[in-house]
Amino acid sequence: MYKINSIQPLNESNFIKPILINYTYKSIQRKWEAVTTHDSVAVLLWHRDKNAFVLVKQLRATVLNKNPDNGMMYELCAGIIDKDKENAQIAKEEVLEECGYDIPVQNLQKISSFYTSVGISGTHQTIYYAECDDSMKINDGGGLDDEDIEVVYIPLQKAKEFMFDESCQKTTGVLMSFYWFFDNQHSL
């Protein structure tokens, strides 16, 4: 089971930095509290042999803070851009770490880039699409160090139902990429 034990101010951090943005808009001086954070990549992974999407499921403390009954999230395989590498290379590495599939970087197809968390950080995310099969599986995934990531397969025939099942908490990236898939990859 999981629960929030305490919340305290964060004076020093590894991944975010609170800032006050002073700016001018329509000749009026304004202020906005925000945080700076890393941009990210995510991958919509399609498993050809299983005829299913490959997602990850993990506990998110921020969601648990808002929903004490359930902090588990279904997400695209994703990671922050904190290395001096091409975004597609980082995406490839995240798929291997989190899901256990070795995807050739040239097989990653960019879906789109957009901004998320625009009220607090304005983080930029790039989403890719890739296909995998059983021959590409080289480990169980699960993430690194203290990550506790479960690899989940969503069968194509249940994907639209899953999209709108609010008992399965998911990110907007999952919804957007599923829509993209149904509009662009319907021949599968």
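Two strands pair if DSSP finds at least two bridges between them, and strands (E, at least two residues) and helices (H or I, at least four) are DSSP runs numbered from the N terminus. What you have open is a predicted model, where local features need pLDDT of at least 70, side-chain atom pairs count only at pLDDT 80 or more, and totals for chains, interfaces and linings use all residues. Residues are numbered from 1 along each chain as its sequence is written, and side-chain values use heavy atoms, with hydrogens and water left out.

Start by selecting residues 109–116 and 123–132: these are β7 and β8, antiparallel strands joined by 7 bridges. Click Gln109 and look across to Tyr129, its bridge partner in β8. Then step to Ser117 in this hairpin, which has 6 residues between the strands; Ser117 takes a positive phi near 50 degrees.

Next, pick helix α3, residues 156–163. Which of its residues are buried (under 20% relative accessible area, 1.4 Å probe, protein chains only)? Ala159, Phe162 and Met163 are. They sit on the same side of α3 because they cover an arc of only 90 degrees around the axis, going by the directions from the helix axis to the C-beta atoms. Show β4 (52–59), β5 (72–75), β9 (150–155) and α4 (172–184) too, since the buried residues of α3 pack against them (contact means heavy atoms within 4.5 Å).

Last stop: Ile16, found in strand β1 (residues 16–25). Ile16 counts as partly exposed because its relative accessibility is 36%, in between the two cut-offs.

Definitions and conventions:
Buried < 20%, exposed > 50% of the residue type's maximum accessible area, 1.4 Å probe, protein only.
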